[in-house]
Every structure is written in C-alpha cells, then in structure tokens.
2 protein chains.
Amino acid sequence: MRHSPPGMQDRMAITLKDVAERAGVSRSAVSRTFTEGASVSVKTRARVERAANELGYSPNALASSLTTGRTKLIGLVSNNFHNPLFLEVFDLFTRGLQDRGLRPLLVNLSNETDPGNSIQMLRQYSVDGVIVASSTLPPSFAEAFKTAGVPVVHSFGRYATSPHVHVVGIDNIACGRMAAEALIARGYRRVAFLGGPESATSTQDRALGFIDRLDSEPGIDFSVAYAAAYSFDAGRVQMMKQLMTDRAEAYFCGDDVIALGALSAVQSAGLSVPDDIGLIGLNDMEMAGWENIDLTTIRQPIREIIEASIELVVGTVERPDRHPEARIFPCRVIERATLRPRTRSPD
Amino acid sequence: MRHSPPGMQDRMAITLKDVAERAGVSRSAVSRTFTEGASVSVKTRARVERAANELGYSPNALASSLTTGRTKLIGLVSNNFHNPLFLEVFDLFTRGLQDRGLRPLLVNLSNETDPGNSIQMLRQYSVDGVIVASSTLPPSFAEAFKTAGVPVVHSFGRYATSPHVHVVGIDNIACGRMAAEALIARGYRRVAFLGGPESATSTQDRALGFIDRLDSEPGIDFSVAYAAAYSFDAGRVQMMKQLMTDRAEAYFCGDDVIALGALSAVQSAGLSVPDDIGLIGLNDMEMAGWENIDLTTIRQPIREIIEASIELVVGTVERPDRHPEARIFPCRVIERATLRPRTRSPD
DNA sequence: GTGAATTTTGCAACCGGTTGCAATAATTCT
DNA sequence: AGAATTATTGCAACCGGTTGCAAAATTCAC
C-alpha cells in the first residue's frame, strides 16, 4: 500500500543507478549519455535514452555540480523593488539567463546593506557568478564579492576609470551634461536637479555632470535637491517642497520614477507641464511612453546593458582572472511632451 | 607563485575536511557543529568554530542537500513581467522566502506555456517546492507540478471548490459582483467589463460575477470586451476601440494596469474621468494610489496572499500528502476619483 | 570507587553524480 | 588474416557533505 503501485510516479526520484540497471549498462555509461561530448556509442546511447524515458529520469543538476564545479546558478541581487523599471530589468535578466541555460537565484536586499550575508549565502549555494543590479549600492559592495572569489558584474554601477570589478552601465556624468544641454537648448534659465538618494553614486554623478555643464553656461541659475529614494513617493514629496520654496522653470529628475512623482506634485499644485514647469527624466522606462504621461527623458539602453552584463558574467566564470572591464553605453534624449520645444537648434 | 600566498583567499573553497584537520576532529564532528540539534560537546563545537572562522569556512548547501533531501530552494514561476503589480509581488515573495531561510529560483515563462520544461528544470535543481504566481495560467499548469511530485501552490489562481492543488487568491466572481454593485450604486446605467485576456481564468470569473450581478438588476445595459493581455498597451488599445463603437458610461477594468491604459485612451480622446466616463480597476497596485492617477479600484490583499502562499508551500514540503486547500481573501472597494460619487447608500 | 546510563565521537557507507585509467571491442591498414 | 589504431566501456575513486551504529568518554547514582 505504501509502496507506490506500478506506473505511478514514485515519491523518490529516479537516479542514475536505476537507469543503468534498466538499460543493463554501467552508471558511467548513463552519465556519459547525458554529458555533452562524452564518448558513448550510438547503440548504448539509444538504450540509455529509452530506459531514461521509460523511467522519467532527469539528471540531478546539483549532484553533478559537486564534481563539475558548475551549478549554472547566477545570483541576481538587487535592492530596487520599488522602481517599475526594475520589472523590465528582471524580465530581461531572467530571460537572458534562461536562454543561456542559467538560473537566476534572486536576492532582495531591500533591508540589508551589508554584503556579508548575501555573499555567504550565495557561496553556500555555489553560484557560478553574481550580478549586482543596482545603482544605489556602492562599488565596494560588488567588490566584496570579488574579494570573496565570486565572479561578479555590477550592472548600473558607477563607471570608474580603473574598475576593480566589471561594471556595465552608462556614463552618468555625461547624462547629467546631456540633461543640462537639453534644458539650455530650450531656453530655460532657472533650472534644477531633482536627484535620487544623495548616497547613490548614480545620483552623485548625474548631479556632477549637470552642474558642470551649467557652470560653463553664463546666465543660468540652478539648484540641486535630492529625494530620499528612487521612488514615486520620494519624488513627489521632494517636488512639493520645491514648489513651496525656490521654484525652477525646469527640472532634471534623476530618474523617471522621480519625474513621475514630481509630475504628480506639479499637477496637484494646479500647475501644468510643460507650460508652467518643464521636466526631464532618465531611464525611459516603459511607463514614460504611456500616452497620458509622455515624459521627456534620457534613454538608458537597458537591453544592451543587461545583455552585456550576462555576457560579462559568463565570461568571468570561464576566466576568473579576466581583467575588470567597464562597459558604458550611450544614452540619448527621447523627445516627448514634458519640456517645451527647443529654441536653439542642436549643436 | 601559483599557489595562493598565506592569508589570501584560495581559489578553491574550504571544505569540511580542511576544518576537521585544522580542528583535529573527525569530519562528522564538523558536520554536526553546523547541524541544528546534533550531538556535539561544547568543547569540540568551540574548537570547530574557531577553525572554521580562521579558514572562512561555510558549508556547501548543495552538497548537504544530497543527503538531507532539502535544498531550501523554492521555484518562483511567473509570466507576469509587464504588470507593475508584480514588482510588488516579487518584492514580497523574495523577502518572505528569505526571512524563512528559503531561496527563490526565479523562472520567467513569458514565452513558454507548456509546463514541461519548467518542471523538468526545477526538478533538476531539486527545488523543495514551487510557487506559481500567475492569474493567467490555467489550473492544469500548477497541477502538472503536483503530478510530477513537486509540492506546489498556485498564487492568484482560480478558486475551485475541490481544488487539486493549493490555491491562494481571491474570489474573482465575488469581485465581479462587487464591481457591478459599485457601478449600480453610483447610478450608472450603461456599463461594461473591460477584461484582461479572455483565456485567463481570473478574467473569466470576474466577467461571470459582473454579469451575474447585472443580470439581476433591471434596466441596466452592459457589454463585455477583452484586452489581449494584462498590460497598459492592451488596455489602451481595447479602450480606444470601445470609444469608437458602443461607449458605456462606466467600465469595470479587469486589472489596474488595464484601467490605466483605458484612462490614457479616454484622456487622449479628450474625454474626462469621471465626468464623461467612470473607471474602476482591480488590484490596488501602488501606482493606483499615486495622486495624479487616483484610481478607484478593488483591493486585492496581496500581502496576505503572498504570506499564505509561502506558508502553504512550506507546509506542503513538510507534509506532501497534505490535503489541497483553497485560501481565499476578501477584497474591498477603494474609493478614489475615477468613479462619480454614490447616489445610493451602501446596502 | 564501581557499574549503569548517557553523551560524544569516529568509522564507514551513502546521497547522485563525474572522470581518469586500464581493459575490451570495433575499425582500419597492410 | 593479423597487427595497429581508435573508440567504447566499466571500475573505482572522488565531489562535499550526512548519518546509523558501535566504541569511547562522561556523567550519574549508590
């Protein structure tokens, strides 16, 4: 009664040995049948495959990882679970990894800021590599993985001239300049940066570039403010404050989701965009293109960034001593409806 | 030169044996030190822990799974990577699982519809259990896991009176009725259902309930339409069509994200909400509360659903023969600004 | 201090695979 | 056909842990 009746899926899984016995071959033969490029005659292979099918066998990836040293597990760690952009990011990462036969082990470090725990747990699971997908974590976070001997890529990380780990992303300083440029070209004279959290390197760099470009432009007034997080609420709250105090003609928001929050604040205040206030975001997330939002923004090529990240992590798994690399992708302004038209033609 | 200098992290990981040698005890002793409730004297434990710290040892979870039969890996499978609600869902799932020492292995089946591959791969990785988080997959999908002997919970799945697998979610039929009720109470006489994909059980049930309630209400005209997906674009496109043909006074949208698409279409057409057209969504995703959206909607208690799902999958891992259960959580209307005020008081 | 009861410990086998190596079988060449 | 070469196969050890069992060490009771 307890022992499953014939034909019924048994509780415990079928193993190599079962297949070997059924096919009348050694366990090695079975193993070889399922290993790419191993030496098996067509005859045995056929026999094994038949037996395997009849039994419904599929090899245990974890057991084999023990000897091969590869789990095909990739840690995907992020702390961005409130920015809708990251749904797209997770979509692309999971698909991209799956397409290469890799499995994402998702780590949410919304609370944590210390890499220690994540590193420990990801090592326990012998992940082949790790992708840190976050622009709000410091470079040291990703570096800690490297120090621990885990191949790592920091996606959306800070571009350093001599990086310690692989970084894939954009040149945030250049983006800041680009935003300044866009505002100048539209004749705005009083502008401001409405950034994400000040501690994020991405925010810092965007501010840097923005300020740098404006400094070299005579007759422009500008200010800088930071939202508490890359989130709608934080953007809205911060924009509310701006509206009460020193209101600018146009804002460069450090992220689309902050721009959306700002937009909401502006509308609540009974002002209109772009007539009263201009807004430009950064990212070009899906929602930015929605017709009732229609946000002018700087597009960050996330598909390319994610593809490159995966490629890089795979490469590093194969050659762990590979020299750290920074892959930076160009951004460009997407013209929509939250800035007034250009008054100057492009340079 | 090749062999790492003392003090430096060696390429290959530290194993049980290394620790045992250093501590001068047997491998069993080390294993026991790291196993909850095993018999070790305080003295050996101390010795082992010291050695382990010095070497930076942490046990290999995969190797131990081989004998314990538990990986603490939970497959989290979904096909909803375009509905912002699911970023919240993933956030809550990953956090909830992590808090219990479980690791989510994320599976994106945006393309796939056949459970075969996912089942195979999740079995290869010996996941302890699987959570299918989707309202657009048929019950048979989750059942296939069960048939394969994998503990499974279907979150956001269809409520069946005699379920074959654990289901956690809401009573979609009741929600449909609730929506109808809300529209009736506000005096709308020409109403419509603007659902998600017709193949999704959630859509079907919401339609069912909606129609059922309206059928029993004299003097109400209603129609039914379906968007191609649970996405903004699909909602917008479908609403455009509605506006060209038989326009209703108010729409029950099968999901918030569809409601947002519809809202966009309405606004593009130069109409206003709720003056010209009323909208009620379903889910109450974060964005629905954003002040410039302010969508009236039916709240689905996702925190509770996710908590229950995790609890249920954990329970099923412990007792695989546990009787399938349906946990249904109540929903309620969240009053915001996309329906005109009630004309009747609540019953 | 002695014997019994209880803890702690190590041995060895096992979890489900992989792989170097030597033995065997199948081909190829002369 | 026989020797030389090449392809296939099984054995046995190993990957990094766990665990039943019996031996050794402690603790307890008297």
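**Exercise 1. The core**

Which residues have the most contacts inside the largest nonpolar core, and how many residues does that core have?

*Solution.* Keep in mind that this is a predicted model.
- Step 1. Size the core: the largest nonpolar core has 190 residues.
- Step 2. List the neighbours of Ala262(B), leaving out residues up to four places away in sequence. Ala262(B) touches Leu194(B), Gly235(B), Arg236(B), Met239(B), Tyr251(B), Cys253(B) and Leu279(B).

**Exercise 2. One helix of chain A**

Find the buried residues of helix α1 of chain A and explain why they line one face.

*Solution.* 
- Step 1. Helix α1 of chain A spans residues 16–23, and its buried residues are Leu16(A), Val19(A) and Ala23(A).
- Step 2. Look down the axis of α1(A). The buried residues fall within an arc of 70 degrees, so they line one face of the helix.
- Step 3. Recall the general rule: an α-helix has 3.6 residues a turn, so residues three or four places apart point the same way.
- Step 4. Find the cover. Over the buried residues of α1(A) lie, among others, α2 and α3 of chain A.
- Step 5. Check what follows the helix. Gly24(A) comes after α1(A), with a positive phi near 70 degrees.

**Exercise 3. The two chains**

Work out how chain B is related to chain A, then describe the contact.

*Solution.* 
- Step 1. Compare the surfaces. Both copies use the same one: 100% of the contact residues of chain B recur in chain A.
- Step 2. Count. Chain B gives 43 residues to the contact, and chain A gives 43 residues.
- Step 3. Assign elements. On the side of chain B that touches chain A, α4, α5, β2, α6, α10 and α11 of chain B each give two or more residues. The most come from α5(B), with seven residues.
- Step 4. Sort by class. That side of chain B has 18 nonpolar, 18 polar and seven charged residues.

**Exercise 4. DNA strand D**

Describe the protein surface near DNA strand D.

*Solution.* 
- Step 1. There are 27 residues around DNA strand D. Ser41(A), Leu16(B), Ser28(B), Ser31(B) and Ser64(B) come nearest.
- Step 2. At least two residues each come from α2, α3 and α4 of chain A and from α2 and α4 of chain B. The largest share, five residues, belongs to α4(B).
- Step 3. By class, this surface holds 14 polar, 10 nonpolar and three charged residues.

Key: Residues numbered from 1 in each chain as written. Chains lettered and ligands numbered in written order. Predicted model: local features only at pLDDT ≥ 70, side-chain atom pairs only at ≥ 80, totals over all residues. Core = buried A, V, L, I, M, F, W, Y, C linked by C-beta atoms within 7 Å. Buried ≥ 20, exposed ≤ 12 C-beta atoms within 10 Å, placed from the backbone. Contact = placed C-beta atoms within 7 Å. Near = placed C-beta within 6 Å. Helix = DSSP H or I, 4+ residues; strand = E, 2+ residues; numbered from the N terminus. Nonpolar A, V, L, I, M, F, W, Y, C, P; charged D, E, K, R; others polar. Least-squares fit on C-alpha atoms with pLDDT ≥ 70 in both. Arc of directions from axis to C-beta.
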